[in-house]
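This report describes one protein model for a reader who has not seen it before. Please look over the sequence and the structure before reading on.

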Amino acid sequence: MNNQEQLIGSVVQEVLRQLGPQQTVVNTSAGKVAVSPLGLGVFNDVDQAVDQATRSQQQLVAAGMEVRSAICDMFKQLSRQNAQQWGRIEFEETKIGRLDHKIVKLELLEAVPGVEFLRTAAHSGDKGVSFDEAAPWGVIGVIIPVTHSIPTMTSNAISMIAAGNAMVVNPHPSGAKSAVVGAVAYNLAIKERFNIDPLICIIEQPTLRSAEEIFKHEGIALLAATGGPGVARAALKQPKRAIVAGPGNPPVVVDETANFDNAARSIIEGAAFDNNLLCIGEKEVFVVSSAFDAMMDAMRRAGAVQLTTQQADELAKEVFSYEKDHYAVKKQYVGADTHVLGQLVDVNIPVGTDLLYAETDESNPFVSEEQMMPFVPFLRAADFDRAVDLAIKYEHGFGHTAVIHSSNLDHITQMGRAVNTTLFVVNGPSTACLGAGGEGYASYSIATPTGEGVTNPLTFTRFRRVAVAGALRMV
Ligand code: NAD
């Protein structure tokens, strides 16, 4: 271990033990020094956080592109090196999902793109030359979810810092300690190596009020909010530009031409990932009637455990509450293990079961709600057209993710056009659309209502043109 790794390791432990404004003694390459987490980009006051981020962003811009690139590489390296420890910290704090997958999510940050994604467009002609350059916004106000606290913050940080920005982050209150651990480690590494002050300024005790202050702050040029319907609506209402990565309820359609075993393995892989916490994860499956029994058999062969329709209805009564006119997921069951769900309906689920499934009808709230649990309802559709109609209905117009299993190109094209989602996955797990099992780069923020798609450094830039009139053209 080199000095920097030792330093970061000890800070993470110390910060975790002593989160708060107290002084913390850490081992640095220069010996033991006392630091306060508050000096490492951790704030309780939004104004102070914005002030710091503004100054740090100017240092970042002055440092140049190579430094930005090195910072992105360093973040990926740190998240990989600390994946076990940070995964455990996040799992223990949030108490949702699966430890093994929390670790994988940190390792997958490797696939988030950096400065190589920035591009300059050049125009050259009789009247001279012009360049359109991807410039930073300045300070970005960032809201992150509890479902992937450190991964979303890191993914956003790589994209935003590659683009030359600093951040003020309001984490979810139930994932704030983990996010602070990550932010402190990153800020410390940037300070040690590049002498740049904190670029990730994080609110230690986030509230809806601090989120609101970030939304409204004059020093924040752009907002990036990742979360459910409430925060998506709130961010969209603001009088400044917001990039919004909102909720989903991804439907799957299976037709009679599908490879059922591949479909079953894929549905399990996607829906069971972190106990179905992913916004892209398969949440309900519509199978054409003629393929229904074969598909249910394939799920069993692939290792999922089938509940009866009655057990699925009982499970829904346990894990959803009905409030006014809509269902709400009971928080204690979000990201729960399969055996916990099984216990609720007196079914003993074998250890190591990734996913539960059952035939249900449309009245079961597991169909309409974004359940974020490792149980997936399967519904019979009279034919392919009906299956697509149901997929569109239960995607709720979020425009997020949809999946098809089929070898009929006409069906694939028909559904892809009709469902009109940001991500459309064919014959693979939902994770394939973020580079895990498919092609393409990764990101933990898929901007859906605002249309930027899988976010990357370019998402967080503004284009500026310089025009040189009548000169600099060499040909
Ligand atoms: P959540 O909506 O409860 O919270 C998300 C964040 O928004 C938190 O930091 C929370 O404190 C904040 N927040 C909530 N309401 C707010 C309001 N009115 N004003 C300001 N801030 C507010 O969601 P969660 O449980 O943390 O995460 C799961 C949700 O996020 C799911 O709906 C999932 O689909 C979505 N999500 C989407 C993406 C994507 O890329 N599109 C990625 C991850 C999660």
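## The chain as a whole

The model is predicted. The protein chain contains 16 helices and 22 strands. Its C-alpha trace spans about 65 × 65 × 45 Å along the principal axes. A compact globule of 475 residues would have a radius of gyration near 23 Å, and the value of 24 Å for the protein chain agrees with that.

Of the 475 residues in the protein chain, 57% are buried. The chain exposes about 19700 Å², and carbon and sulfur atoms supply 50% of this area. Contacts can also be sorted by distance along the sequence. Among contacts between residues at least 6 apart in sequence, 73% join residues at least 24 apart.

## Charges and salt bridges

The protein chain carries 38 positive and 52 negative side chains. The centres of these two sets lie 6 Å apart. Side chains of opposite charge can pair when their charged atoms come close. The structure holds 17 salt bridges. The table lists some of them.

| Salt bridge | N to O distance |
|---|---|
| Lys102 and Asp274 | 2.9 Å |
| Glu452 and Arg241 | 2.9 Å |
| Arg380 and Glu359 | 2.9 Å |

Which parts of the chain does the salt bridge between Lys102 and Asp274 tie together? In this salt bridge the closest N and O atoms are 2.9 Å apart. Lys102 belongs to helix α5 (residues 99-107), while Asp274 sits in the loop between α10 (260-272) and β12 (284-288), so the pair ties together parts that are 172 residues apart in sequence. Both Lys102 and Asp274 are buried.

The side chains of Glu452 and Arg241 also meet in a salt bridge. Here two loops are involved: Glu452 lies between β20 (446-447) and β21 (453-454), and Arg241 lies between α9 (229-236) and β10 (242-245), so this pair ties together parts that are 211 residues apart in sequence. Glu452 is partly exposed, with a relative accessible area of 23%. Arg241 is partly exposed as well, and its relative accessible area is 34%.

A further salt bridge joins the side chains of Arg380 and Glu359. Arg380 is part of strand β17 (residues 375-381) and Glu359 is part of strand β16 (residues 356-359), so the pair ties together parts that are 21 residues apart in sequence. Arg380 counts as partly exposed, at 38% relative accessibility. Glu359 counts as partly exposed too, at 25% relative accessibility.

Salt bridges can also form a network. Arg98, Asp100 and Asp354 are linked in this way.

Which residues of α5 are buried? They are His101, Lys102, Ile103, Lys105 and Leu106.

Is Gln84 buried or exposed? Gln84 is exposed, with a relative accessible area of 55%. Gln84 and Thr154 are 70 residues apart along the chain, and their C-alpha atoms are separated by 15 Å.

## Single residues

Most residues other than glycine have a negative phi. Asp346 has a positive phi, near 60°, and is not a glycine. Asp346 is placed in the loop between α13 (338-344) and β16. At 75% relative accessibility, Asp346 counts as exposed.

Leu472 also has a positive phi, of about 70°, although it is not a glycine. Leu472 is found in the segment after β22 (461-469). Leu472 counts as exposed, at 52% relative accessibility.

Ser368 lies in helix α14 (residues 365-368). Is Ser368 buried or exposed? Its relative accessibility is 17%, and residues under 20% count as buried, so Ser368 is buried. Leaving aside residues up to four places away in sequence, Ser368 touches Asn249, Tyr394 and His396.

Conventions: Residues are numbered from 1 along each chain as its sequence is written. This is a predicted model: local features need pLDDT of at least 70, side-chain atom pairs count only at pLDDT 80 or more; totals for chains, interfaces and linings use all residues. Side-chain values use heavy atoms; hydrogens and water are left out. Helices (H or I, at least four residues) and strands (E, at least two) are DSSP runs, numbered from the N terminus. The radius of gyration is taken over C-alpha atoms; the globule rule is 2.2 Å times the number of residues to the power 0.38. Buried means under 20% relative accessible area, exposed over 50%, partly exposed in between (1.4 Å probe, protein chains only). Contact means heavy atoms within 4.5 Å. Accessible areas come from the Shrake-Rupley method with a 1.4 Å probe; for residues, only the protein chains shown count as cover. Lys and Arg count as positive and Asp and Glu as negative; His and the chain ends are not counted. The place of a charge is taken as NZ of Lys, CZ of Arg, CG of Asp or CD of Glu. A salt bridge is a side-chain nitrogen of Lys or Arg within 4 Å of a carboxyl oxygen of Asp or Glu.
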